[in-house]
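Trainee: Could we go through this model together? I would like to begin with the ligand surroundings and then move on to the fold.

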Amino acid sequence: MSADVYDVIVIGAGPVGENVADRAVQGGLTAVIVEAELVGGECSYWACMPTKALLRDAAALRAARSLPGAAAAITGELDTAAVLERRDRFAAHWHDDGQVSWLEGAGIALVRGHGRLLGERTVAVTGPDGGTTVLQARHAVVVATGTSPAVPPIPGLADAKPWTSRAAVSAERIPERLAIIGGGVVGAELATAYSAFGTAVTLIARDGLLPRVEPFAAEQVASALAADGVRLLVGAEPVEVSREEDGSVRIALADGGIVRADEVLVATGRRANTGDIGLEAVGLAPGAWLTVDETLRVVDETGTPVAGGGLYATGDVNGRALLTHQGKYQARAAGDVIAARAVGGDVDDAPWGRHAATADHLAVPRVIFTHPEIASVGHTLASATAAGLRVRPVEYDLGAVAGASLHADGYTGRVGMLIDEDAGTIVGFTAVGPDTAELVHAATVAVAGQVPLERLWHAVPAYPTMSELWLRLLETAGSETRVRTRSTHQLVTSDR
Ligand SMILES: Cc1cc2nc3c(=O)[nH]c(=O)nc-3n(C[C@H](O)[C@H](O)[C@H](O)COP(=O)(O)OP(=O)(O)OC[C@H]3O[C@@H](n4cnc5c(N)ncnc54)[C@H](O)[C@@H]3O)c2cc1C
Ligand SMILES: NC(=O)c1ccc[n+]([C@@H]2O[C@H](COP(=O)([O-])OP(=O)(O)OC[C@H]3O[C@@H](n4cnc5c(N)ncnc54)[C@H](O)[C@@H]3O)[C@@H](O)[C@H]2O)c1
């Protein structure tokens, strides 16, 4: 069988696959990308962009309502049809022509179809017409096939035709009642969006609401959801689901409670899209998350690169951080290292080196676009403690920062940072409050840059911005130190 030969084959044209291919081409290599559905992946059509479009109007309306003059100009309610229409535009009406043009401009070849590994550096693509194209890579195959929703084996759930995130994000019709199983990021964001549309939302959060964020932040989102009328069932365990004759859904809970809704959304996490990509051809188990080294090469359980070192995995599929921006960061490192290895060039895989995805472990930023937003980077107190770090948490009332009080009347929010007592740097930051999303990058620079606390005092935030939270956090950290000093040395020091 003859094969089309490229330097690099990328399976999956989501944001991450596109970036690996682009980086490899910029490094002087030829690249082909294989896509089974739409070029642009989950993020473009059913995840990041359309969900944020669903949430944005209600956030803007809340912001206007928090200022008396602007509130006086509001004469109507949220126009849900207009929100959905804007969402459709952000999902490019589920057509990928724009992204295909981008691939062409970037010099990346596209083969449509389902890709499977045939062996080392060989991929077979089953096209939409059932025909097969065989591709051969001179240097590397990159798996960037992303994830799919994980639907738990709750009796009756699959037969009840539940929504997964795709249906909820692309819905044309807004149900009167929506039950959501799963209190993670997808569940919390979509509960926020649908409750703003007027849907009666019941959120079943078996393991708590947003259990992986700082509790002070999750608590503010829980209060706001409840204030918006969301029924939050923390600790409730769904045990049976059925679709009734009238088309409604009935969810039985372990405590005997019953939830009734018009639709049920399953938002209980993701599974790697590796079940049918030919992993067995390179000695790996199908369906597993792909373990990678710091340069994103797929490794076996002993840490040894598989397929002669020519197989890479980037983005969601390696399970490191299920976030577009972090996958794109991995893509840059992988594309560059493949290009470097292709010519026998230097590989900079030391921590924080150009070819190492070090930030995946220490400085992952994430924004949860709930009301209020949660913006965080690096460790939480729980994860830092589990990692054995000696950290000191410092918190401050964000509403007491001048810039925040100007931003909205009655601004409610909180910020926290974690000081690594041994390194004297910040290893975690969390902010909760309206419009905190744009605050996280300053924290990311401090965490990734491992900026010493003493130097942070010289990064002066402008007055009166919300960024003055940094000054307040540093003062709080300092004043705690001074309070301790005072008690031992009887010093009288002003806290300001
Ligand atoms: C509802 C929701 C909201 C989200 N919001 C955000 C957000 O605001 N910010 C953020 O950073 N992240 C967000 N995420 C996560 C984000 O969507 C993912 O991290 C991101 O899409 C991962 O990109 P990827 O390229 O690795 O995978 P994907 O985007 O999943 O792309 C993988 C591509 O591979 C293709 N593919 C799979 N198997 C094959 C095969 N065998 N052959 C050929 N092609 C194949 C798929 O069709 C797909 O196009 C959200 C996720 C969800 C579910
Ligand atoms: N703004 C963003 O960046 C954004 C938005 C949405 C999604 N995402 C990404 O997508 C990923 C997936 O999100 P997700 O919300 O699906 O997963 P998740 O892991 O964040 O949350 C899933 C939740 O479902 C619960 N759960 C699991 N099994 C259950 C069961 N049988 N019954 C009841 N509850 C159960 C878990 O306790 C967990 O809290 C996230 O990890 C995140 O990285 C990011």
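**Ligand shell, fold and backbone**

Mentor: Of the 23 residues around ligand 2, Pro152, Gly182, Gly184, Val186 and Asp207 come nearest; a residue is near a molecule if its C-beta atom, placed from the backbone, lies within 6 Å of it. This is a predicted model, in which local features need pLDDT of at least 70, side-chain atom pairs count only at pLDDT 80 or more, and totals for chains, interfaces and linings use all residues. Residues are numbered from 1 along each chain as its sequence is written, while chains are lettered from A and ligands numbered from 1 in the order in which they are written.

Trainee: Which element gives the most to the shell around ligand 2?

Mentor: Helix 8 does, with four residues. Helix 8 (185-196) and strand 17 (365-368) each supply at least two residues of that shell. Helices (H or I, at least four residues) and strands (E, at least two) are DSSP runs, numbered from the N terminus.

Trainee: How do the residues of that shell divide into nonpolar, polar and charged?

Mentor: Twelve are nonpolar, six polar and five charged. Here Ala, Val, Leu, Ile, Met, Phe, Trp, Tyr, Cys and Pro count as nonpolar, Asp, Glu, Lys and Arg as charged, and the others, Gly among them, as polar.

Trainee: Turning to the fold, how many helices and strands are there in the protein chain?

Mentor: The protein chain has 16 helices and 21 strands. Its radius of gyration is 25 Å, close to the 23 Å that the globule rule gives for 496 residues, so the chain is as compact as a globular protein of that length. The radius is taken over C-alpha atoms, and the rule is 2.2 Å times the number of residues to the power 0.38.

Trainee: What about domains?

Mentor: An automatic or database domain assignment divides the protein chain into domain 1 (4-45 + 91-148 + 271-359), domain 2 (48-90), domain 3 (158-268) and domain 4 (372-495). The centres of domain 1 and domain 4, taken over C-alpha atoms, are separated by 38 Å.

Trainee: Where is aspartate 7, and what does it touch?

Mentor: Aspartate 7 is in strand 1 (residues 4-11). Not counting residues up to four places away in sequence, aspartate 7 touches Ala24, Leu29, Thr30, Ala31, Ala137, Arg138, His139 and Ala342; contact requires C-beta atoms, placed from the backbone, within 7 Å. Aspartate 7 counts as partly exposed, because it has 19 C-beta neighbours inside 10 Å. A residue is buried if 20 or more other C-beta atoms lie within 10 Å of its own, exposed if 12 or fewer, and partly exposed in between.

Trainee: Which residues does a cis peptide bond join?

Mentor: One such bond joins histidine 371 and proline 372, with omega about -5°. Proline 372 sits in the loop between strand 17 and strand 18 (373-378). Another joins tyrosine 463 and proline 464, again with omega about -5°, and proline 464 lies in the loop between helix 15 (453-456) and helix 16 (469-489).

Trainee: Why single those out?

Mentor: Most residues other than glycine have a negative phi, and most peptide bonds are trans.

Trainee: Then what is phi at lysine 161, and is that residue buried or exposed?

Mentor: Lysine 161 has a positive phi of about 50° although it is not a glycine. Lysine 161 is exposed, because 11 other C-beta atoms lie within 10 Å.

Trainee: And leucine 210: buried or exposed?

Mentor: Leucine 210 is buried, with 22 other C-beta atoms within 10 Å. Leucine 210 has a positive phi of about 45° although it is not a glycine.

Note on methods. Contact = placed C-beta atoms within 7 Å.
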